Amino acid sequence: MSDVVVIGGGAAGCMAALTAARQGAEVTLLERNAKLGRKLYITGKGRCNLTNASSVTECLSHIPRNAKFLTSVLTQFPPEEVMAFFESLGVPLKVERGNRVFPRSDSAADVIDALLRALRKAGVSIVQERAEALVLEAGDLRGVKGESGRKFLCKAAILATGGLSYPATGSTGDGYRMAKTAGHTLTALRASLVPLEAEDCGAMQGLSLRNVELQIKNKGKKVLFREQGELLFTHFGMSGPLVLSASAHMGNVEEEEYTAYIDLKPALDQETLDRRLVRELGEGANRTLRHVLETLEPKSLIPLLLKRVGMTGEEKGCTVTRAQRRSLAETIKALAFPIRGFRPIEEAIVTAGGVNVREVSPKDMASKLCKGLYLVGELLDVDAYTGGFNLQIAWATGRAAGMGAAACCGEESK
């Protein structure tokens with residue numbers, strides 16, 4: 001019998017297991033995959049953006065849902081302490097644009113290897129086993145049943161199974177099912193930090209735009225998101241850092257009727273861009289408009305620009321009217337794409353929604369409904385924008401649960 005069983009060997013689970021073991025608890029970590037941290041391997045494009053070098057207040061401002069619930073755990077384990085923790089494990093770090101924190105080696109494997117070494121040193125027993133069910137008795141936690149039929153009896157269990165995104169990494173929703181058997185309710189699950197399906201993008205598949213501004217407006221023309229950066233056109237719509245960040249600000253697509261507006265020249269205001277067009281059209285007076293525009297925008301984008309302003313592109317530069325030129329400038333400054341929807345949740349970086357946080361203690365992630373059960377990470381109804389904030393939530397909630405579970409076991413032993 002272990003003191004603590006941790007279900008899931010991702011970021012939150014590893015932190016929870018290590019913390020509990022360092023507090024003197026006997027810990028068993030159940031992971032269905034052959035290796036720990038499968039999802040960590042793909043974060044930050046394989047580089048692992050493990051936190052954001054910002055204050056607790058700044059972190060909370062990047063959490064759109066239930067930020068107040070996380071105030072306590074983020075205060076207990078803020079980004080600066082997360083950074084110190086990984087440095088202490090022998091992972092040198094660096095801070096990049098937007099205060100994003102990465103291992104200096106640019107390798108997620110170094111983060112995972114360091115966690116594995118620390119877990120082994122702390123005496124955590126790592127078992128490759130998929131958890132099937134919680135063992136409950138009169139509503140209290142008594143253990144965990146594995147898919148093999150083996151029972152892992154314990155005084156406390158920490159659910160750290162992740163959400164529904166990237167199911168190939170093992171996040172298949174098992175934790176939601178187990179939480180419900182313990183009496184918990186779930187808020188609606190949906191994709192967040194996910195590519196968007198949009199109209200008129202297929203012909204530009206593979207085109208990456210840098211230093212553009214993206215705005216998302218709802219049907220009431222309210223600006224929900226506005227930021228500069230990089231985006232990518234795909235066969236279904238749009239992806240890339242800007243688009244993933246924007247998706248976290250969006251709700252029901254059918255109800256809100258969102259539209260994405262791309263400013264292709266954010267460094268130029270409308271009048272400056274118009275003067276630029278006057279110059280380019282004058283210098284290319286005898287060239288076709290299509291060729292003149294190639295001095296301003298990527299070739300694969302020009303057919304769409306021409307379509308939007310109702311021109312063929314075969315017009316000579318000298319024949320373009322003032323009204324047509326103004327229309328071109330307006331289109332370049334606000335190229336609109338109606339959003340059809342989100343890509344499937346399996347393609348999302350994180351899952352929005354989850355276990356209702358009102359049913360969980362904000363201090364130590366303990367279930368208020370099932371004694372001995374703790375819930376952490378993406379399983380909870382909390383999610384953040386891109387930039388390392390979601391992993392910060394995982395580390396902080398995992399540590400708090402590890403502390404709480406170890407303390408719970410200590411009290412039972414008295």
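R226 forms a salt bridge with E213, the closest N and O atoms being 3.1 Å apart, where a salt bridge is a side-chain nitrogen of Lys or Arg within 4 Å of a carboxyl oxygen of Asp or Glu. Because R226 lies in strand β13 (residues 223-233) and E213 in strand β12, the pair ties together parts that are 13 residues apart in sequence. This is a predicted model, in which local features need pLDDT of at least 70 and side-chain atom pairs count only at pLDDT 80 or more, whereas totals for chains, interfaces and linings use all residues. Residues are numbered from 1 along each chain as its sequence is written, and side-chain values use heavy atoms, with hydrogens and water left out.

**Salt bridges**

- R226 is exposed, with a relative accessible area of 56%, while E213 is buried at 12%; buried means under 20% relative accessible area, exposed over 50%, and partly exposed in between, with a 1.4 Å probe and protein chains only.
- A search of the whole structure finds 25 salt bridges, and one of them joins the side chains of K307 and D200 at 3.4 Å, N to O.
- K307 lies in helix α11 and D200 in the loop between β11 (196-198) and β12 (208-217), so this pair ties together parts that are 107 residues apart in sequence.
- K307 is exposed, with a relative accessible area of 55%, whereas D200 counts as partly exposed at 36%.
- The side chains of R343 and E347 also meet in a salt bridge, at 3.2 Å from N to O; R343 is buried, with a relative accessible area of 17%, and E347 is partly exposed, with 31%.
- Salt bridges that share partners join R32, R130, E147, D174 and R177 into one network.

**A buried glutamate**

- E297 is placed in the loop between α10 (289-293) and α11 (302-309), helices being DSSP runs of H or I with at least four residues and strands runs of E with at least two, both numbered from the N terminus.
- E297 is buried yet has no salt bridge, and the nearest side chain of opposite charge, K265, is 4.2 Å away; for charge, Lys and Arg count as positive and Asp and Glu as negative, while His and the chain ends are not counted.
- Leaving aside residues up to four places away in sequence, E297 touches L264, K265, I302, L305 and I332, contact meaning heavy atoms within 4.5 Å.

**Strand β9 and its partners**

- Strand β9 (residues 151-159) is mostly covered, with 7 of its 9 residues buried.
- Strand β1 (residues 2-7) runs parallel to β9 and is joined to it by 5 bridges, two strands being paired if DSSP finds at least two bridges between them; the bridge partner of S2 in β9 is C154.
- Strand β8 (residues 140-146) runs antiparallel to β9, with 3 bridges between them, and G143 has L153 as its bridge partner in β9.
- In the hairpin of β8 and β9, which has 4 residues between the strands, G149 takes a positive phi near 100°.
- Strand β18 (residues 373-375) runs parallel to β9 and is joined to it by 3 bridges, and the bridge partner of A157 in β18 is L373.

**A three-stranded sheet**

- An open sheet of 3 strands has the order β3-β5-β4, with antiparallel pairing, and its edge strands, β3 (51-52) and β4 (93-96), each pair on one side only.
- 4 bridges join β4 to the antiparallel strand β5 (residues 100-103), where L93 stands opposite P103.
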